[in-house]
Amino acid sequence: MRKLIAVLMVFAVTAFGASNAHAVQPDEIMAEPAKETRARDLSRELRCMVCQNQSIDDSEAPLARDLRLLVRERIAAGDSDSQVIDFLVARYGEFVLLKPRFNPHTLLLWLLPPLALAGGGLALWSFARRRASSAAQGRDAPLKLSAEEEVRLTRLLATDPSERPREPRV
């Protein structure tokens with residue numbers, strides 16, 4: 001029992017005590033904690049152009065490091081968060097943002113998922129409605145056996161399985 005508790009404690013400390021690993025190097029950290037917090041927040045919103053599915057805060061790619069340094073330079077120069085983002089979008093395009101802005105260029109990107117969901121729901125509703133109407137009309141009723149098939153089925157069910165004649169294979 002003690003071993004189980006010890007294993008669970010080690011697991012809990014490992015799982016909940018570990019912080020997220022960031023790729024930010026000690027030489028990149030700004031002296032002012034408020035500015036560093038702003039830089040980290042901005043870095044989490046920006047896509048690594050090499051890794052593409054990681055923020056520059058999490059990526060260890062050299063380009064991500066350059067972008068982190070650029071964000072910190074712009075903050076040190078006195079730019080606001082929106083000015084830093086605008087600068088990077090002007091330089092690298094909307095793709096640099098992990099969460100693209102809602103504008104005419106990204107309209108399809110933002111509207112396609114809800115439209116696809118609505119279309120799927122409409123298709124399911126239409127299918128269910130057609131199925132219900134065909135069931136009401138008796139189209140889905142089970143097929144009836146002919147009299148000859150009924151007699152044959154009764155005969156097969158009444159006999160012992162080992163005595164049944166084998167059907168020829170086709």
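Start by selecting Arg74 and Asp79: they form a salt bridge, with the closest N and O atoms 2.7 Å apart. Keep in mind as you look that this is a predicted model.

**Next, the nonpolar core.** Select Leu46, Ile56, Val71, Ile75 and Leu88. In the largest nonpolar core, which has 18 residues, these five touch the most other members. Now colour helix H2 (33-45), helix H3 (62-76) and helix H4 (81-92), the elements that give two or more residues to this core. Which of them gives the most? That is H3, with five residues.

Zoom in on Val71 and show what surrounds it. What is Val71 in contact with, once you leave aside its neighbours within four places in sequence? The list is Ala39, Leu42, Leu46, Ile56, Val84 and Leu88.

**Back to charges.** How many salt bridges does a search of the whole structure find? The search finds nine. Select Glu36, Arg40, Asp41, Arg44, Asp57 and Arg72 together, and you have a network linked by salt bridges.

Then pick Lys35 and Glu32, whose side chains meet in a salt bridge at 3.7 Å, N to O. Both ends count as partly exposed: Lys35 has 24% relative accessibility, and Glu32 has 43%.

Now move to Asp86 and Arg101, where the side chains meet in a salt bridge at 2.7 Å, N to O. Asp86 is in helix H4, and Arg101 is in the loop between H4 and helix H5 (107-136), so this pair ties together parts that are 15 residues apart in sequence. Asp86 is partly exposed, with a relative accessible area of 40%. Arg101 is partly exposed too, at 30%.

**On to the rings.** The structure holds one aromatic pair. To see it, select Phe102 and Trp110: the ring centres are 6.5 Å apart and the planes meet at 70°, so the pair is edge-to-face; the cut-off for that label is over 60 degrees. Phe102 is exposed, with a relative accessible area of 55%, whereas Trp110 counts as partly exposed, at 31%.

**Last stop, helix H6.** Select residues 147-158, which make up H6. Try the distance tool on its end C-alpha atoms, which are 17 Å apart. At 1.5 Å a residue, the 12 residues of this helix should span 16 Å, so the two values agree. Is H6 buried or in the open? Of its 12 residues, the number buried is zero, so H6 lies largely in the open.

Definitions and conventions. Residues numbered from 1 in each chain as written. Predicted model: local features only at pLDDT ≥ 70, side-chain atom pairs only at ≥ 80, totals over all residues. Heavy atoms only, no water. Helix = DSSP H or I, 4+ residues; strand = E, 2+ residues; numbered from the N terminus. Expected span 1.5 Å × (residues − 1). Buried < 20%, exposed > 50% of the residue type's maximum accessible area, 1.4 Å probe, protein only. Core = buried A, V, L, I, M, F, W, Y, C linked by side-chain atoms within 4.5 Å. Contact = heavy atoms within 4.5 Å. Phe/Tyr/Trp six-rings, centres within 6.5 Å; stacked < 30°, edge-to-face > 60°. Salt bridge = Lys/Arg side-chain N within 4 Å of Asp/Glu carboxyl O.
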